[in-house]
Amino acid sequence: MVEETPYLSIIIPTLASYNAKSDGLLASCIEAIKKHTTVSYEIIVESNYYEGFTIPVNRGLRKSRGKIIVLMNDDVVVGEGWHDKPAEILGSHEGFGIVGSPIFREKFGRPITSFWLVFLRRDTYELLGELDESMGLYY
């Protein structure tokens, strides 16, 4: 049996299992992904028990199989259509390899774009390689 290549590989670094607050955040994050994702996907959860951000993300990148890779913080709760526009941009504009998605953060009171939710094409990852692990917690 040939396993289908997922369209999205969603990589979530988390402190869950080490931090009770993170356990609830991760559960909400995954529940929203399952509810609002309309393409094939895989979810790769990597513990970042004080390793920083880049080390668990790189572990997830090595495991990923999707055509588009999504880096998502465990406190992101996606809504309907969350992947439509970024995936469309990456699929239709060959010159774009990475797209940040605006997310609403209550503490800022407005949508912002950051590394909390980033989409990149597999060929971009293969060209650029892994994240610099010396960057620590805040990449």
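In the predicted model, the protein comprises 4 helices and 7 strands. Along the sequence, these elements follow the pattern β-α-β-α-β-α-β-β-β-β-α. Of the 139 residues, 44% count as buried. Among contacts with a separation of 6 or more, 68% link residues 24 or more positions apart.

An open sheet of 5 strands shows mixed pairing and the order 2-1-3-7-4. From one strand to the next, the twist averages 20°. Strand 1 pairs with strand 2 in the parallel sense over 7 bridges, and with strand 3, likewise in the parallel sense, over 4 bridges. In contrast, strand 4 and strand 7 run antiparallel and are joined by 3 bridges; Val99 stands opposite Phe119 of strand 7. Helix 2 packs on the sheet through contacts with strand 1, strand 2 and strand 3, and its direction makes about 150° with that of strand 2.

Strand 1 is mostly covered, with 7 of its 7 residues buried. Leu8, Ile10, Ile12 and Thr14 point one way from this strand, whereas Ser9, Ile11 and Pro13 point the other way. On the former side, Ile10 has Val70 of strand 3 as a bridge partner. Beyond residues up to four places away in sequence, Ile10 touches Ile33, Tyr41, Glu42, Ile43, Ile44, Val70, Met72 and Trp82.

Ser9 also lies in strand 1 (residues 8–14). Ser9 counts as buried because its relative accessibility is 0%, below the 20% cut-off. Its bridge partner in strand 2 is Glu42, and the side chains of Ser9 and Glu42 are joined by a polar contact of 2.5 Å. With residues up to four places away in sequence again excluded, the contacts of Ser9 are Glu42, Ser64, Arg65, Gly66, Ile68, Ile69, Val70 and Arg122.

In soluble globular proteins, nonpolar side chains tend to be buried together. The largest nonpolar core in the model contains 20 residues, and those with the most contacts inside it are Ile10, Ile12, Val70, Met72 and Trp82. At least two residues of this core come from each of strand 1, helix 1 (20–36), strand 3, helix 3 (84–92) and strand 7 (117–121). Helix 1 provides the largest share, 5 residues. A second, separate core has 11 residues, including Ile11, Val57, Leu61 and Tyr125.

Helix 2 (residues 54–63) has Thr54, Pro56, Val57, Asn58, Gly60 and Leu61 among its buried positions. The cover over the buried residues of this helix includes strand 1, strand 2 (41–47), strand 3 (68–72) and helix 4 (122–128). Two of these buried residues, Val57 and Leu61, belong to the second core together with Ile11, which points from strand 1 the way that Ser9 and Pro13 do.

Conventions. Residues are numbered from 1 along each chain as its sequence is written. This is a predicted model: local features need pLDDT of at least 70, side-chain atom pairs count only at pLDDT 80 or more; totals for chains, interfaces and linings use all residues. Side-chain values use heavy atoms; hydrogens and water are left out. Buried means under 20% relative accessible area, exposed over 50%, partly exposed in between (1.4 Å probe, protein chains only). A polar contact is a pair of N or O atoms within 3.5 Å; within protein, one must be able to donate a hydrogen and the other to accept it, and residues adjacent in sequence count only if both atoms are side-chain atoms. Contact means heavy atoms within 4.5 Å. A nonpolar core is a set of buried Ala, Val, Leu, Ile, Met, Phe, Trp, Tyr and Cys residues joined through side-chain atoms within 4.5 Å. Two strands pair if DSSP finds at least two bridges between them. Axes are lines fitted to C-alpha atoms, for helices over the stretch in contact, and angles run from 0 to 180 degrees between N-to-C directions.
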